[in-house]
Amino acid sequence: MIFTSIWYKTFSRRERRNAAVQGCAGARHKRNLLFTKEKKRQNENVGRIEKIEVQYTGTPEDVTLIMNKGISTPFNCAQHMSEMLMQRSALALIDDTTLWDMHRPLEADCHLRLLHFRDTDPYHVNKAFWRSCSILLGAMAENIFKEDVHVELHSFPSPNVKTGSFVYDVSVGLDNWQPSQDELRIMSSQMVNLCQKGLKFERLEVSTELALDMFEDNRYKADQIPHIASQLSEGKTVVLYRVGDHIDLSRGPMVGDTSFVGKCTVTAVHKIETDQGILYRFQGVALPKGFLLNHFAYGILEDRARKLNPGRLPTSPSSVSNIFQPTSEVVSLVTWLLQVTLRAVGCVGEARCVHFTLAIKKPKHRVLRMVSKNDYMELPHYGIWVDWASNRNEYQEYFLGGKGGRCVGLTALPPSFADCLEI
Amino acid sequence: MNQADVSKLMSRLRIKYKPVRRRLKNPEGAEGRLKKIRKTLTALLKHERIELNYNRADETRGYAERLISDAIRYGDCHRATMELADYWILEKQLIHKLFKVLVPRFDNCPVSYTRMYRAPRPCPGMYYKRAVLELRGNPYPPLLPDMTANRNLIHNVLLDEAQKEFRAQKYAEIAKKLEAADDNVIKSIDDGDEESSSAESSGEDETNVLGEAQVQQPGEKVVHPSQNMQ
């Protein structure tokens, strides 16, 4: 057994903590200190408290709340309204357009909706849940090995519930490692332990320099950070999430805390060969708390999650240099085309091209055309635009009823448009 | 050896019940307990869904199950069953409901005839646990949320995708089998043609003819069963 379970049994928590700080996990300790410090600094920067008006729509009744700007979160709003909302709300929707974490402070006057797993269409919540599970899988994978095994987290592809498993790609300093059934079981139990703690997902937007400082021990993440920052519209920041003492890069949003995860299994670890050497793809499947499925049906899901997940394989950011940058004329042209098409099929409503997710590798194809699956297969799977690109087909299915591969990144469209777009 | 099998003589309940009766505390003692149960049972048959204290609901449930199962077993021409129904049901028109409505409804029911749920209590409130007792197949909307109809819920998405994948896999297998069968048929036809042509060419090369005959046999085996089927 390569796991630290004996180590866990032998030493008390305090001894473990001291040992960890001195040893390999010193980097994590430092990362946490920096995170806490930065969070404190940002909290102090709020300054004089201003009030904002939050209009809540939904059950049990529509109310208007006066909250604190930069301090109050959607979770605080739920606390004012009902215990039921506190317990079940996994994600918030601001102004019907922006998905917001439950524990992220609100920044301006807004309309608020709270989403949960049993909505009529819980697409976004499911996706956030899958993403959260990926992060937890990463947290588990980083902790589970002995001190002498060098583990570096790489990244995870954009979450897609339909693939049947959530994924994290990890570099493990072992040759030809194939986990036994017992080892998988231990990993599952560790993950369950993590979920039962009910740890909050803390979101923090930090500058690139600080992020680089935090992830200096992880060469993959250090590579990714400038790339991710360059993709963000504002430029110089990246978004970090902390759960327990694990910190990771992700755009989010995540569900409120880890207690939303109910039944949970780590099903397989596959060896994958990539540009960046040999990585291990950890896979798992989980259901939200309160979703009871009999063991046979859950067994079917587990069996499916054992197969290698078809999510995009990781590549180094430097190999992706040819990124199509649309000019404003092209954007307006596409917007116009979109509107004409929508009018032709008899849709009432408004549509505009918000973001381009067109990624073209070969220079000779640098014209606007339909993007086939192969074109974006080789892009790295973290960062802002990649997340959208890979979801394009999924979104299309969601909004347009699955007309494969024709639409250009109809991505940031608010869910309220779903009705008018349904054909 | 010669003793009767008791489980065959009595109706077998499909619910879990306590072997010791509850006394349902009241000033009239045992008789009062029966009176309480009769009232509750009558209300259950009348309204089909009632909310009450947990103990009383659980105690009544066994009696209701037994009464319905006897009614199904013996029918309305059985004196003992009719007396039983007359004793337990206070409002006599409900005896007609028992035999004419409930018996046909539960005739082929493989599970229990009643359902019981734990009901919420207002906090702070009474100490007693509350329960909802109902007959199956009642006309009211279901108490538990429907987790199957909405295919967008996460477990349904996962199961649907698993089903799709399974089907695709099965279709691929079937297609492969059909292709293999087709290949065999084509091969056997080709072999037959070649054999006839080689027979025409008066068997110049004997080894070649022998080889073809050997190849032909499995082809024939494939063709034969289908002929038998026809």
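Mentor: With 13 C-beta neighbours inside 10 Å, A:Asp109 counts as partly exposed. The term rests on C-beta atoms placed from the backbone: a residue is buried if 20 or more others lie within 10 Å of its own, exposed if 12 or fewer, and partly exposed in between. This is a predicted model, in which local features need pLDDT of at least 70 and side-chain atom pairs count only at pLDDT 80 or more, while totals for chains, interfaces and linings use all residues. Residues are numbered from 1 along each chain as its sequence is written, and chains are lettered from A and ligands numbered from 1 in the order in which they are written.

A:Asp109 sits in the loop between strand 4 (98-100) and strand 5 (110-115) of chain A. Strands (E, at least two residues) and helices (H or I, at least four) are DSSP runs, numbered from the N terminus. Leaving out residues up to four places away in sequence, A:Asp109 touches A:Ile52 and A:Glu53. Touching, or contact, means that the C-beta atoms of two residues, placed from the backbone, lie within 7 Å. A:Asp95 is 14 residues from A:Asp109 along the chain, and their C-alpha atoms are separated by 9.3 Å.

Next comes strand 5 of chain A, where 5 of the 6 residues are buried. Strand 5 of chain A joins strand 1 (residues 51-56) of chain A in parallel through 3 bridges; two strands pair if DSSP finds at least two bridges between them. Strand 3 (residues 91-94) of chain A runs antiparallel to strand 5 of chain A, with 4 bridges. Here A:Ala92 stands opposite A:Leu114, and A:Ile94 stands opposite A:Leu112.

Strand 3 of chain A also pairs with strand 4 of chain A, in the antiparallel sense over 3 bridges. A:Leu93 has A:Leu99 as its bridge partner there. The hairpin of these two strands has 3 residues between them, and in it A:Asp95 takes a positive phi near 50°.

What order do the 5 strands of chain A take in the open sheet? The order is 2-1-5-3-4, with mixed pairing. Strand 2 (63-68) and strand 4 of chain A stand at the edges with a single partner strand each, so one side of each has no neighbour in the sheet. From one strand to the next, the twist averages 35°; such angles run from 0 to 180 degrees between N-to-C directions, and axes are lines fitted to C-alpha atoms, for helices over the stretch in contact.

Two helices are placed against these strands. Helix 4 (residues 74-81) of chain A lies across strand 1, strand 2, strand 3, strand 4 and strand 5 of chain A, at about 130° to strand 2 of chain A. Helix 6 (residues 123-144) of chain A packs on the sheet and touches strand 3, strand 4 and strand 5 of chain A, its direction making about 130° with that of strand 3 of chain A.

Chain A also meets chain B: 19 residues of chain A are in contact with 12 residues of chain B. On the chain B side these divide into 7 nonpolar, 3 polar and 2 charged. Ala, Val, Leu, Ile, Met, Phe, Trp, Tyr, Cys and Pro count as nonpolar, Asp, Glu, Lys and Arg as charged, and the others, Gly among them, as polar.

Chain B has an open sheet of 3 strands in the order 1-3-2, with antiparallel pairing. Strand 1 (49-53) and strand 2 (114-119) of chain B are the edge strands, each pairing on one side only. Strand 1 of chain B pairs with strand 3 (residues 130-135) of chain B over 5 bridges, and B:Asn53 stands opposite B:Arg130. Helix 2 (residues 30-47) of chain B lies across strand 1 and strand 3 of chain B, at about 150° to strand 1 of chain B.

Last, helix 3 (residues 54-74) and helix 4 (residues 79-88) of chain B pack at about 150°, with their axes 10 Å apart. That makes the two helices roughly antiparallel; the word covers angles over 145 degrees, while under 35 is roughly parallel, 65 to 115 roughly perpendicular and the rest oblique. Among the residues that meet are B:Tyr63 and B:Leu67 in helix 3 of chain B, and B:Leu84 and B:Trp88 in helix 4 of chain B. The residues of this contact divide into 7 nonpolar, 1 polar and 1 charged.
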